Amino acid sequence: MKLKKQVTVCGGAIFCVAVFSLYLMLDRVQHDPARRQSAGNFPRSQISVLQNRIEQLEQLLEENHQIISHIKDSVLELTDTGAISPSGHLPFRSANGSWVLPFDGRPTFLSVKPLDCQFALGRRSQTDLQMLDVYSLLNFDNVDGGVWKQGFEITYEPNEWDDEPLQVFVVPHSHNDPGWIKTFDKYYNDQTQHIFNNMVVKLAEDPRRKFIWSEISFFAKWWESADEHKQAAMRKLILSGQLEMVTGGWVMTDEANAHYFAMIDQLIEGHQWLEKNLGVIPRSGWAVDPFGHSATMPYLLKRANISSMLIQRVHYSIKKHFAATRSLEFMWRQAWDIESGTDMFCHMMPFYSYDVPHTCGPDPKICCQFDFKRLPGSRVNCPWKVPPRAITDANVAERAGVLLDQYRKKSKLFRSKVLLVPLGDDFRYDKALEWDQQYFNYQKLFDYMNSRPEMHVKAQFATLTDYFSAVYKAKGVAPGTRPPDYPVLSGDFFAYADREDHYWSGYYTSRPFYKNLDRVLESHLRGAEILYSLAVAHARRAGLEGRYPVSDYSLLTDARRNIGLFQHHDAITGTAKENVVIDYGNRLLRSLVGLKRVIINAAHFLVIKNKDIYRFYQTEPFLETVRNSLVFLFKSASLTLELYTIFFLFFRYLVLFNPVEQERLCVVTMLVNSARVRVLTEDGQTLPVQLSAQWVSAVEMSGEVYQVCLFVSICSSILNKGSLKTFTLVSSFRLLSWHASPKNCPNLKNKIDSFSPSLSFLHQSIRRKDDPQEVRVQIQFLTYGTRPSKDKSGAYLFLPDGNAKPYSQREAPIVRVVEGPLFAEVVAHYQHFQQTVRIHNVPGIDGLSLDITTMVDIRDQNNKELAMRLVTDIQSGDTFYTDLNGFQIQPRRYFQKLPLQANFYPMPTMAYIQDSQYRLTLHTAQALGVSSLASGQLEVILDRRLMQDDNRGLGQGLKDNKRTANRFRLLLERRSNSGKPVDSRPVSFPSLLSHMTSTILNHEVLALPVLPRKHGVPPMRTFAPLAGTLPCDFHLLNLRSIQSQDAYSPSPYTALLLHRLGLDCGLEAQNPGFNCSTTQGQVSVLGGKTTFTKNTLYPMSLSLMHSQPPLSNDSSINLEPMEISAYKLKLC
């Protein structure tokens, strides 16, 4: 009671002092003669000063009220002599020793409509070529094909073109990597800018000359430095059709490791730049250098209204098979497509490379003779020792005949008498001389051929779309539609091999540190885009656009372009030189800092309760955003003094941002400098917390920093209130952690088994609490070496020296076990990695899977690759499943006829195995290589350190490894109809729970501590953009502010990108911890309590280039499963 009285007296004293101070200030203003003027003449500056002071006093009074409330609660807690019980606010232990957490008791439900489950079960349209079947059919035997080493001899009859002449379209091009051997800027300065400067002059010399360009990142850089005359000349070439922009992305994206969010974003960035600066809409896709091709890419291009595409790097055995069956041109259909709505016309180049020796026909020795850059005296020559000859009147007949023979042979591989012949290579046409050499000599050949009717050929320079248009015309179909008798294909083209058993499956993992950083950047970019769009809209509505830092848009643009640049097929792949990787890393780091600034500025504006007092100061940020932010509280010796010190001086506010579109029950981690922490919600409720040690080494704890984990419920950041919540960090909880040797680890089984409400795990098995049967899941670590022969593993290639060997070290690992109310974890420290396996004791998604983090450091290893293998008793046979770009699932099959390295595939977000009873999914937060080398196994390559080049042009090994955290979630699901055979169709879908697990792994809650302020923190509120929530099979892909004519400022419009997920409902549904329902693909955006202005929702193509009439007020958005759609709208 004495303590209560002291607290009451102190609190009352503070309140009286605050009120008295306000009285004195007002009294001073009233009696000061200098201030006593008529109301009409009172200076505006003094009124403003007075208002500011009154506002500050109001804020201080509000804080005093909160402090007194906190004091009261804490005193009651300190004077409570009873033990923690089920009626208390804090977690307590039940009779069996398990932890019980306080929940709000709201009933939650999972309601998936039966019709929403039919998509996964429905019949698929038949395709002529299914890539799994093609793999089963082929022998992959690499027989010598003669002049076409990887093919066969091609013959023809001379009169085959008498009735229909051969049309030859020669397409000059220059493939420019935005970073590889040189950095992006170095390439531009040394070579690329000269290509553009020569292009403007040389194409204008003859209207018959054509050219194509792909990488908008380079083109935009040139455009910004070009004068008005060069810009006008370039625009004229584009509008006249002499220069075509193909694909139009910021880069030619990698298709194995890239996430579909980033693939779309870089496509939008390139297309928006083209639309704004040139008014150009790309019509054809061009991908000659990605190391294998994903089925996701044709879908994205189709949604962007591109009608045709070209690919090149495909396994040589597949090319040979397609050439033999004249299937090199096909309609590429999504495996999940019920009809033919996703069909994309695709041309596959038939030969080894996209360079000149491998594009005119099957004989590279002859084709090289028509690469006129290699004329005698050049620094580039023909490896076949027969150099080109300049075309003259004396040799034109002979030369034209030789070249036409190659054209005819190549045309025999296709189903039309229209032939595509690319003419270019890496960084070609950077010298004016090459423009003259190629165009003058080829024009002489074309003129000769075209003037000889007996040759039955028409040859010309062309763009890519010129070629595709001629094919459609010859077949009598509209652009993008299926010509008669052309095959339909589904599947993808991984893994890629260019010769022998040289499979490009190493780059799926190469430089995992940067693959992880890329995923972090993507999540921050998405969060920043959403918050910025909402903040600017609210600022405009409140008339505060002048106060809000709208200029943050330049930081968004910079991040979009740097993340887009990193999607390049030599960046995210980890296949660039070390100095180039450093350049990419610096760009990403700069963008991460910029995105954090965008996020804290937007969150600041949105959570301020009274917008009239909002002020933005660049040098005085309101929030901070650092992963595992260190929040400094206090340090004192006395418990009583600590509590008072917190309340009067050192309590902190915390804003949480949930970047996903669904409500979330989760654990949020912060670092604090006090071992006594208490967390309160906005309405004063105490949150469950767990305080743990921060370990500075395997055996040493920090004495100054602690890890505090908060259990919070946060609604959707976008479409439900409570997305941004404020908390006060005050007092106290306890640490419970201890060391355990490998010998007594099994003694923990009962504790961990009874810990989680959903799962139990210990070394050898996983058991769901609602299932009496355990599933064996053993985690093993192994290493691969590389071959002792000349050909060895490198950045691109995986060439192991045989099967993996078990990882071993002399000393036993140090094992640490932590157990508390929110989670229990086992941490094992090995010499080259540290593995943490954590189970969360919380309802919802977090508590339904194992959280696994493997911190890898192999910097002292030579020619070693570290792998993690899951060994289970799931009867998966030779089938496993990997995702393509986080967008869809591709069934895989282990083929014994292929070498080990050929059975590895990219895993951007997940892989799983299954049988008639269970599915086990490994979710990942970074792209890595994965395989299933035996039934019941999943194996992922964690890192690679290789000491030599693999002879693919890089000229370096992989020796710049970094200590890298690989983060996973392991999800075990039981089939609802156990015993039913697993579907063998070439299509599969994650469950709804699996989708949500992947989302929370890749989009963490952002903790934003409010920085201490001299005059106190103004009142804050939870920010609620919408009253409702999206159906739980919808994913908000982005809410992206569209640029104005100035690339660094936003227009009034925003792009809304939605993806409806495909679901497998055959797995038992688990309670996600929040209300979750589906609506058969319908969602209302214009009705009800929204932030959207009515009559301004325009359906758009995916890259925002094509618009449709706006939706009416009562319209709903309707999406089919797997569909991605874009809309343009005005936020208000």
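Modeller: A disulfide is here a pair of cysteine sulfur atoms within 2.5 Å. The model under discussion is predicted, and the structure holds four disulfides.

One of them joins Cys117 to Cys1065, with an S to S distance of 2.1 Å. The torsion about the S-S bond of Cys117 and Cys1065 is about -85°, and the disulfide is therefore left-handed. Cys117 lies in helix α3 (residues 114–121), whereas Cys1065 lies in the loop between β42 (1050–1060) and β43 (1076–1077), so this pair ties together parts that are 948 residues apart in sequence. Cys117 has a relative accessibility of 14% and so counts as buried, the cut-off being under 20%. Cys1065, with a relative accessible area of 30%, is partly exposed.

Another disulfide links Cys360 with Cys367, at 2.0 Å from S to S. Its S-S torsion is about -90°, so this disulfide is left-handed. Both Cys360 and Cys367 are buried.

A disulfide also joins Cys368 to Cys382, again with S to S 2.0 Å. The torsion about the bond of Cys368 and Cys382 is about -105°, which means that the disulfide is left-handed. Cys368 and Cys382 each lie in the loop between α11 (364–367) and α12 (396–411), so the pair ties together parts that are 14 residues apart in sequence. Cys368 is buried at a relative accessible area of 0%, and Cys382 counts as buried at 6%.

When the bonded cysteines of the protein are numbered in sequence order, the pairing reads 1-7, 2-3, 4-5, 6-8.

Definitions and conventions: Residues are numbered from 1 along each chain as its sequence is written. This is a predicted model: local features need pLDDT of at least 70, side-chain atom pairs count only at pLDDT 80 or more; totals for chains, interfaces and linings use all residues. Side-chain values use heavy atoms; hydrogens and water are left out. Helices (H or I, at least four residues) and strands (E, at least two) are DSSP runs, numbered from the N terminus. Buried means under 20% relative accessible area, exposed over 50%, partly exposed in between (1.4 Å probe, protein chains only).
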